[in-house]
Amino acid sequence: MKVAIIGMGTAGVSVLRQLVKHPNFADLDIDVYDNIKNMGQGEPFQNDSDDLLINIPVDMLSLNIDNIKEFREWYDAQSDFDYGDVDYLPRFVFGHYMKGYLDRYVNMYDNIHVIYQEVAQLGIEEQSHDITPKKIVVCTKHPEASCRQYDYVFVTIGTMSYNDPYQLKGTLGFIDSPYPANHTLDQVQENDDIAVIGTGLASLDVIRYVLNHHNKKLLIASRGGQLPSVRGDMREVDLRYLTKEQFDALKRAHMGVVPLNDVIALFRKECEALDIPLEQLLYRRTGNVEQDLKYDLAHTEILGRLQSLLMAVKDNMDWIWNSLTQADQQAYLDRYHQYVKENSNPMPRDTAKLILSALRNGMLEVCSGLENVEHKHGRYHLKFDDTGRQCVVDVVINATGPKTRLDQLDESDALLLDLADKQIVQAHPMGGIQIVPETNEVISPRYGTLSNMRAIGQVTNGVNFQRNAVTMIVQQAVKTVGQLYQHLEQQQQLDETVNTI
């Protein structure tokens with residue numbers, strides 16, 4: 001069976017790792033595609049400044065679903081990087097851990113072929129009868145390279161390109177993506193004033209890097225002006241009420257769906273069982289960043305309980321999210337998601353302390369109410385909606401996060417645009433592309449369910465809502481690779497049947 005893995009970041013490496021573990025791996029012939037910079041590391045974990053830390057502790061991050069400490073064990077055993085016995089490591093170190101697997105497999109197995117090119121187009125080769133599965137054609141950007149046919153394709157292309165809410169892409173002084181951070185200041189002058197738009201996790205990377213490499217005050221601006229919470233004392237949580245058994249009972253009573261109000265009621269029961277003061281924590285934000293960070297640092301125990309519960313919920317979000325109607329999914333986004341987002345992707349405590357220090361010494365300012373950013377007379381004018389206040393800077397770094405919807409795409413997302421144009425994929429109303437939740441099979445408006453094309457990662461965010469962290473991607477890889485080998489067995493049986501006719 002000819003197999004292609006398109007994109008070799010976290011999802012692609014995880015898929016390959018699961019493939020090689022199977023006793024029938026020798027029956028596969030595998031091509032892996034990505035550019036030379038991201039091959040084996042992916043964009044989030046590419047070589048970059050060591051100011052950029054993973055926001056997950058070392059002991060909670062692994063490509064091994066059976067050993068959550070594997071990354072820590074790998075770090076302790078290697079000699080290339082030495083940051084001491086720390087809780088948080090630079091992002092690129094995890095990238096080298098991932099790439100080590102790719103390099104090892106390529107050296108071990110002759111049936112793995114690395115293609116250092118990005119895929120530009122996919123096509124479906126239609127068959128004249130239904131017994132033979134459809135082939136998938138993969139073409140790279142290089143016209144001299146021949147297109148290749150595959151029996152099975154994993155679409156693991158990583159995140160979509162960054163949002164551009166103020167249409168500034170291509171404007172001098174606008175840095176449209178914060179990565180790689182160690183190049184964001186390449187064209188910045190010593191006396192330039194810098195603003196970062198966006199206050200999510202990406203902005204934390206920019207803050208750490210710019211504060212350490214630029215000597216002027218940094219402005220952070222967004223509509224809400226809220227930074228992520230600070231990581232508390234994490235613990236193991238087993239869900240007691242948000243369980244499949246409870247959901248199955250509710251589905252039987254509500255024609256196959258679970259009402260959002262019932263989900264919220266079950267979540268509140270989980271909070272009561274863990275003695276989590278839910279109202280106190282959800283409404284603790286004051287709008288004063290310094291005060292809010294201090295609160296989190298002073299309440300690590302109760303905050304850790306809430307964050308640990310939310311992590312357990314995210315681990316099960318595949319069947320929780322897809323049990324809701326679309327109307328209830330939208331209601332969740334409107335009413336509750338902001339609170340979950342603030343508390344489920346926390347920053348390291350050292351980052352919080354760095355920000356507090358910068359706020360106190362006047363090197364950092366965080367502003368809410370951002371309404372518009374315009375480029376006029378060679379500088380950027382940030383307008384705020386509260387008092388008509390304006391700030392003028394020389395450079396704007398975009399940290400608003402990646403796009404989530406197909407109708408937002410531009411030329412940076414050429415492959416997805418091509419897939420949508422050919423009706424191989426279709427948009428999910430909540431973002432990303434349509435897939436079968438249980439199997440990650442791509443749902444095509446033209447060809448139906450494509451059993452030999454699986455998508456994993458941020459491109460499936462409408463179905464795999466809030467499931468783009470490393471652990472959840474590994475879970476999806478384990479599941480989908482198991483289905484590939486089932487598909488292979490069925491195909492071999494079919495071939496034997498055809499040969500006997």
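Biologist: Why is D233 called partly exposed?

Modeller: This is a predicted model, and in it D233 has a relative accessible area of 34%. Buried means under 20% and exposed means over 50%, so D233, at 34%, falls in between and is called partly exposed.

Biologist: What makes the pair R349 and D233 a salt bridge?

Modeller: The N to O distance between the side chains of R349 and D233 is 2.5 Å, and a salt bridge asks for a side-chain nitrogen of Lys or Arg within 4 Å of a carboxyl oxygen of Asp or Glu. The value of 2.5 Å is within that limit, so the pair counts as a salt bridge. R349 lies in helix α13, whereas D233 lies in the loop between β10 and α5, so the pair ties together parts that are 116 residues apart in sequence. R349 is also partly exposed, because its relative accessibility of 29% lies between the two cut-offs.

Biologist: How do you know that R305 and D275 form a salt bridge, with N and O 3.9 Å apart?

Modeller: The limit is 4 Å, and 3.9 Å is within it, so the side chains of R305 and D275 are said to meet in a salt bridge. R305 belongs to helix α9 (residues 300–315) and D275 to the loop between α6 (260–273) and α7 (278–282), so parts 30 residues apart in sequence are tied together by this pair.

Biologist: Which of the words buried or exposed applies to R305, and which to D275?

Modeller: R305 has a relative accessible area of 9%, which is under 20%, so R305 is buried. D275 has 58%, which is over 50%, so D275 is exposed.

Biologist: Where do K216 and D193 lie, and what does their pairing tie together?

Modeller: In the salt bridge between K216 and D193, the closest N and O atoms are 3.0 Å apart. K216 sits in the loop between α4 (201–213) and β10 (218–221), while D193 sits in the loop between β8 (174–175) and β9 (194–197), so the pair ties together parts that are 23 residues apart in sequence. K216, with a relative accessible area of 27%, is partly exposed, and D193, at 22% relative accessibility, counts as partly exposed.

Biologist: How many salt bridges does the structure hold?

Modeller: The structure holds 29 salt bridges. K169, K403, D410 and D413 are linked in a network of salt bridges.

Biologist: How do you know that D34 has no salt bridge?

Modeller: The nearest side chain of opposite charge to D34 is K37, 8.8 Å away, and a salt bridge needs a distance within 4 Å. D34 therefore has no salt bridge, although D34 is buried. D34 is found in the loop between β2 (29–33) and α2 (70–77), and the residues D34 touches, leaving aside those up to four places away in sequence, include M8, M39, I115 and Y116.

Biologist: What describes the crossing of α8 and α13?

Modeller: The axes of helix α8 (residues 289–298) and helix α13 (residues 349–360) come within 10 Å and cross at roughly 145 degrees, and the crossing is left-handed. Among the residues that meet there are L293 and L297 in α8 and L356 and L359 in α13. The contact residues divide into 7 nonpolar, no polar and 5 charged.

Conventions:
Residues are numbered from 1 along each chain as its sequence is written. This is a predicted model: local features need pLDDT of at least 70, side-chain atom pairs count only at pLDDT 80 or more; totals for chains, interfaces and linings use all residues. Side-chain values use heavy atoms; hydrogens and water are left out. Axes are lines fitted to C-alpha atoms, for helices over the stretch in contact, and angles run from 0 to 180 degrees between N-to-C directions. Helices (H or I, at least four residues) and strands (E, at least two) are DSSP runs, numbered from the N terminus. A crossing is left-handed if the near helix is turned anticlockwise from the far one by less than a right angle, and right-handed if clockwise. Contact means heavy atoms within 4.5 Å. Ala, Val, Leu, Ile, Met, Phe, Trp, Tyr, Cys and Pro count as nonpolar, Asp, Glu, Lys and Arg as charged, and the others, Gly among them, as polar. Buried means under 20% relative accessible area, exposed over 50%, partly exposed in between (1.4 Å probe, protein chains only). Lys and Arg count as positive and Asp and Glu as negative; His and the chain ends are not counted.
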